[in-house]
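Work through the exercises below with the sequence and the model open side by side. Each task is followed by a solution in steps.

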Amino acid sequence: MKTYNLDFSSVKTKDDIFNKIVSGEKSIETRPRVEYGVDFSLIIPGDIIAFKSLDSGRKVEKEVTFLHVYTSLEEMVKNEDVEKISPGIGSKEKLLARYEELKIIWKDRGYAELLASGVVAIGFK
């Protein structure tokens, strides 16, 4: 069993995503297949994801239940439950639009280029 540390920021209000992870409303995390030198496609069920909010510093650990690897965002969105990725998003089209926004917001981090390596959907409980 391995532990993966995943940091994230809120979207609209402080700890909005963190609270959805804690409550179980959000149960799928998505990441570029390779980011910061970590190949997330190597995660296996039983591993631990240690989520940390960059807004409050709060942490929670969740157990990985599955890992799905995709070649594109479109393939991932087609095959995953978007409400478990982004609760309240409403549609696959809106989730894809959100990822397009993130490519612009995180342009300095090379987010679009990172996504070109593939995408993972990590299920957790």
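**Exercise 1. Overall fold**

Task: For this predicted model, find what share of the contacts between residues at least 6 apart in sequence join residues at least 24 apart, then describe the build of the chain.

Solution:
- Step 1. Among contacts between residues at least 6 apart in sequence, 66% join residues at least 24 apart.
- Step 2. The protein chain holds five helices and seven strands, in the order β-α-β-β-β-β-β-α-α-α-α-β.
- Step 3. Its radius of gyration is 14 Å, close to the 14 Å that the globule rule gives for 125 residues, so the chain is as compact as a globular protein of that length.
- Step 4. Buried residues, those under 20% relative accessible area, make up 41% of the 125 residues.

**Exercise 2. Helix α1**

Task: Which residues of α1 are buried, and which elements do they pack against?

Solution:
- Step 1. In α1, the buried residues are Asp-16, Ile-17, Phe-18 and Ile-21.
- Step 2. These buried residues pack against β1, β5 (48-53), β6 (59-70) and β7 (119-124).
- Step 3. After α1 comes Gly-24, with a positive phi near 95°.

**Exercise 3. The largest pocket**

Task: Describe the lining of the largest pocket, and state which element gives the most to it.

Solution:
- Step 1. The largest pocket holds about 1,000 Å³ of space.
- Step 2. Its lining has 35 residues; Ser-9, Val-11, Ile-17, Leu-102 and Trp-106 lie nearest the centre.
- Step 3. Two or more lining residues come from each of β1 (3-8), α1 (16-23), β2 (28-32) and α4 (92-105).
- Step 4. The most comes from α4, with five residues.
- Step 5. By type, the lining residues divide into 18 nonpolar, seven polar and ten charged.

Terms used: Residues are numbered from 1 along each chain as its sequence is written. This is a predicted model: local features need pLDDT of at least 70, side-chain atom pairs count only at pLDDT 80 or more; totals for chains, interfaces and linings use all residues. Side-chain values use heavy atoms; hydrogens and water are left out. On a 1 Å grid over the protein atoms alone, a cavity is a set of points where a 1.4 Å probe fits but cannot get out, and a pocket is an open set with protein on both sides within 12 Å along at least five of seven lines; lining residues have an atom within 4 Å of a point. Grid points are joined across faces, edges and corners, and a volume is the space filled by probe spheres set on the points. Helices (H or I, at least four residues) and strands (E, at least two) are DSSP runs, numbered from the N terminus. Ala, Val, Leu, Ile, Met, Phe, Trp, Tyr, Cys and Pro count as nonpolar, Asp, Glu, Lys and Arg as charged, and the others, Gly among them, as polar. Buried means under 20% relative accessible area, exposed over 50%, partly exposed in between (1.4 Å probe, protein chains only). Contact means heavy atoms within 4.5 Å. The radius of gyration is taken over C-alpha atoms; the globule rule is 2.2 Å times the number of residues to the power 0.38.
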